Amino acid sequence: MAERVIAKDPYGVLRYGETAALTPKLADCLFEALRLLSENDPYFRAADWDSKTAAGLMIPALKHKIDSIISSADSNLHLRSLLIEGLQSTSLAAELAGTLEAILLSPKRFYRERDDAAEALLPHRDKAWWQATIAILTDQGGDDASRLALRLIERMDADVSDGQIVGAFFADIGLTSCQLPRATGRGVHRLRFYDRVLNAIPSERLANVLDLSVDYAEQLLDHDWESAADVSSLVAGLLIRAIDKCAAGPLLAPAAWRALGIIEKTQRYHRDYINQLAQRLEGHDALRQAIQMHALANDRRDNSIFVTELFLQRRLVSLGTKTIDLVHAFNRLSQGNTHDPTLRQDWKDLVSIGWGKDGLDPDVFAAAEAFRRDDAELADFLAERANPQKPAWQIENEKEAEKRERKLKIEFQNARRRFGKIRDDLRAGNLGAIVPPAKAYLGLFGDLPSKIAPGERLAEWLGPKLRDDALVGFEAVLHRSDLPTAAEIAEGFARNTVYNYSYPIMAGLHERMRSGKGLADLSTPLKLAALLISHHDPSWEDETERQQLRSALESEIIPTSQDRQSFARLWIEPSLAAGKEHVDGLYMLARDPEWQATGAALAAEWLTDFPQLPEKVEALLVDCLAFGGALGALREVAEARAKAGHVNIERVLCWLAIDVLVRFDAVLPDLNGIGARHPEFIWFLRDRLLFERRGGMLPLTIAQAEWIITEFRQKWPYAVLEGSGSGDRNDYDATDFLRTLINRIADDTSIEAGDAFQRLIGSPDDSYSKLIRHMAAEQRQKCAEENFSPIAPGELAMLLDDGPPGNIEDLKALVLEEMDVTRRRLIGDDLDPVVDFWTDNRVPRGENRCRDRLAEMLCPELKPYDIQRITEADMPMDKRADLAFARGSMQLPVEVKGQWHPDVWDAATGQLDVQYLIDWRSEQRGIYCVLWFGDVPSKSGRRLKAHPDGLSAPATADEMRTMLIARIPEARRALIDVVVFDLSSRKS
């Protein structure tokens with residue numbers, strides 16, 4: 001039982017079982033099962049990368065097998081990572097230390113396996129060895145090596161020199177070493193977190209490590225902002241740790257000021273570190289004030305405290321943030337001579353820094369007075385600060401603002417006079433008078449505020465009375481008889497023309513909606529025209545109000561699908577006839593779920609009536625049919641286009657992609673080798689089949705998906721986006737598309753999908769082979785889960801009590817178990833029952849005679865379980881199975897074939913599966929039995945039939961069984977079991 005469970009799900013045993021208790025034999029069984037699993041599913045850990053202990057496999061008997069796997073960079077990554085993890089804290093790690101060293105130091109290995117190798121090796125090497133290894137990794141270059149060096153420093157509690165620590169940091173950032181050859185193009189920037197390494201550094205060493213880090217940073221050029229930001233985060237982290245561990249007293253001020261200079265350059269990045277450091281400095285008065293005084297004494301800018309304050313702010317130690325800092329600065333200044341010109345200027349600068357809207361804080365004022373000592377000139381300075389004069393720039397800005405305000409006021413007055421003279425025209429809705437107010441109402445005038453209600457906006461421009469006249473005019477427009485018709489408006493759209501009356505029409509309708517008056521009493525032609533305008537240019541109106549108006553118009557004007565089609569014709573056909581490069585509304589017909597049925601109903605006719613459309617317009621019409629589900633109509637259009645021909649290669653490939661979607665079988669002969677001739681054809685397929693990038697896909701058959709994968713997997717090797725990219729026709733975009741198609745097949749649990757995977761797996765190995773094997777394994781798992789039926793409590797009770805089977809799986813398992821017992825009896829038993837299968841002339845007996853004898857051997861063992869044996873059992877469509885075992889409503893068909901039968905290689909699928917497993921009582925379960933007599937003379941007529949694929953004949957019954965299983969589709973192997981009875985022992 002244990003071996004069968006292990007063989008069925010070795011990773012499951014590892015995840016949920018207790019492997020430490022395995023015997024050496026079972027451990028070897030688990031190892032081999034895992035090795036086989038890694039071949040069938042190269043990414044078997046993909047769904048669960050959590051550490052799983054394989055310690056139960058770390059036994060001396062498996063040492064060489066484990067070594068052979070982990071020592072080779074070409075072995076399966078998932079398996080060897082599992083084994084390397086399992087070596088941790090085992091005695092076998094010491095015996096394989098040489099291999100672990102090689103893994104740790106190999107740049108060809110992945111980070112995780114190198115890190116796990118280091119973990120396993122840690123107890124078996126001394127400190128000096130690890131220090132030397134850290135140096136090697138630091139110099140090795142590349143992201144993984146430097147990460148490993150830092151990880152080792154962390155594991156060793158930073159028991160290395162300060163120089164090694166800082167060197168590893170800067171190597172990891174990529175400033176002191178890089179892997180050769182250098183990578184080309186823009187690389188991926190890795191987020192770096194050094195908290196655990198920083199925490200490992202003893203507090204008494206933090207100041208020196210910080211100093212060394214700043215030395216490195218100041219000497220290195222800023223290659224890019226990312227590296228500068230990483231250095232900044234490192235320095236900030238060191239300073240934070242120094243403050244937290246009380247290792248940052250006033251003596252640290254010079255190093256801290258330099259460190260803050262590094263951080264200053266990248267404050268907009270890594271804000272979390274900056275904010276943490278700012279909080280620490282705010283709470284550490286002595287250090288902050290020491291840094292401030294150091295900067296003023298040694299790094300003063302333009303010989304001015306006021307200018308230096310700008311740098312203090314950028315470096316998070318501003319003098320003006322906390323009252324206590326200004327008091328401290330004034331107190332130090334008060335120790336000097338009040339008449340010293342330099343100190344007097346410093347005093348003025350400090351006053352300017354501390355001056356707020358209410359003057360100086362009382363404590364700051366008292367400290368400032370201690371230096372002033374009744375000095376009249378300094379008192380005048382304070383008075384000037386209290387009553388400042390406006391700067392020239394502010395005065396100039398205010399003058400300009402006043403000038404603009406006067407000009408706008410004059411314009412408004414002129415507008416009111418002008419419209420006051422034509423009030424009657426305005427109220428009547430005459431074109432010349434009503435259009436400007438309508439545009440103002442719709443928010444199209446930049447000089448008018450856009451955030452207020454339209455009526456208020458009009459009143460601000462024209463005044464309340466003229467505003468009311470304009471609103472009357474908007475309403476009047478809605479009842480005019482000289483308005484452009486909907487057809488004229490649509491023709492205008494085709495010529496890129498908008499009728500001026502469109503503005504007051506929309507203004508009048510919006511005002512009606514706001515006032516609650518509604519649209520019911522307006523004419524249908526007007527509302528139809530308004531709906532066209534609303535759809536054509538939505539930039540005029542508020543989005544919410546536009547949607548409300550459009551919904552109201554649609555409910556009245558186009559309530560039925562036929563009305564929608566008529567509206568779409570009215571709107572779009574003039575633009576199609578005009579050959580416009582951009583036709584408003586087509587995208588909506590293709591993508592909006594409410595309009596897709598309309599697009600699907602009309603697009604085929606438009607493609608036929610307008611055969612010379614621009615490419616983008618034509619593509620949108622095809623989208624209407626494809627996304628609207630009108631693939632039959634699209635097929636007819638594609639057939640017509642194929643007969644008519646195309647003007648250029650772009651159109652040829654575009655329509656060929658459509659043919660793949662809707663006429664795949666018809667065009668398949670013409671597609672042979674297109675991937676080699678036109679590798680760019682993949683983009684036409686992608687653009688036609690996918691809704692959006694990495695989005696949904698149009699309905700695609702397994703055959704179509706398989707063909708595309710097969711045709712293009714060699715021409716577009718597997719690629720991954722590294723760093724940032726642009727465009728949508730890159731190698732990694734092709735990979736994304738092929739992965740989507742592979743997922744399409746994996747999501748299908750049909751036999752057809754399983755067969756497709758087997759063909760894809762059987763293709764020559766390439767960069768997609770491992771992924772395909774993994775997705776095939778996932779598809780098999782989905783099939784198993786789909787076919788799984790839980791055991792009912794009653795059935796479980798019968799099973800545990802050795803009672804009769806309660807479901808078809810139990811019945812099959814019981815029959816297989818008894819067949820296995822019979823198989824072993826036929827190989828070797830003191831009663832030698834195998835003689836009954838041979839004639840006295842040592843020729844195998846006939847198929848039916850052998851079948852009946854087998855049934856006789858099985859029947860006594862199955863009878864206690866209330867299982868009935870049926871010979872020549874009736875099957876659907878007037879067929880008969882050789883044997884069947886039945887209980888209640890369950891019936892398990894068994895097909896028996898002698899090795900000489902012409903269909904022996906394919907009867908499991910061609911006969912048992914196709915003809916017998918359609919019987920509802922079988923629930924698609926069955927057993928295929930083959931009678932194996934070995935190599936017998938040709939004259940006997942009982943020789944094994946040759947393999948259909950020309951493979952060498954099997955030498956044993958077990959080989960025969962393996963070859964038979966291989967001919968059963970992968971998805972059906974869980975339902976059809978193969979049993980080969982070895983009857984060859986009587987041959988000699």
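Start by selecting Phe712, which lies in helix α41 (residues 702-712); helices here are DSSP runs of H or I with at least four residues, numbered from the N terminus. This is a predicted model, where local features need pLDDT of at least 70, side-chain atom pairs count only at pLDDT 80 or more, and totals for chains, interfaces and linings use all residues. Residues are numbered from 1 along each chain as its sequence is written, and side-chain values use heavy atoms, with hydrogens and water left out.

Is Phe712 buried or exposed? Its relative accessibility is 0%, so Phe712 counts as buried (under 20% relative accessible area, with a 1.4 Å probe and protein chains only). Now show what Phe712 touches: leaving out residues up to four places away in sequence, you'll find Gly675, His678, Pro679, Phe681, Ile682, Leu685 and Leu738 (contact means heavy atoms within 4.5 Å).

Next, jump to helix α7 (residues 97-105) and colour its buried residues, Ala97, Thr99, Leu100, Ile103 and Leu104. Look down the axis of α7: those residues fall within an arc of 155 degrees, so they line one face of the helix (the arc is taken from the directions from the helix axis to the C-beta atoms). Among the elements covering them are α4 (63-70), α5 (77-86) and α8 (111-121).

Last stop: select helices α46 (residues 808-827) and α47 (residues 847-862), which pack at about 125 degrees with axes 10 Å apart (axes are lines fitted to C-alpha atoms over the stretch in contact, and angles run from 0 to 180 degrees between N-to-C directions). Residues making the contact include Leu814 and Met819 of α46 and Leu858 of α47.

Note on methods
Buried < 20%, exposed > 50% of the residue type's maximum accessible area, 1.4 Å probe, protein only. Helix = DSSP H or I, 4+ residues; strand = E, 2+ residues; numbered from the N terminus.
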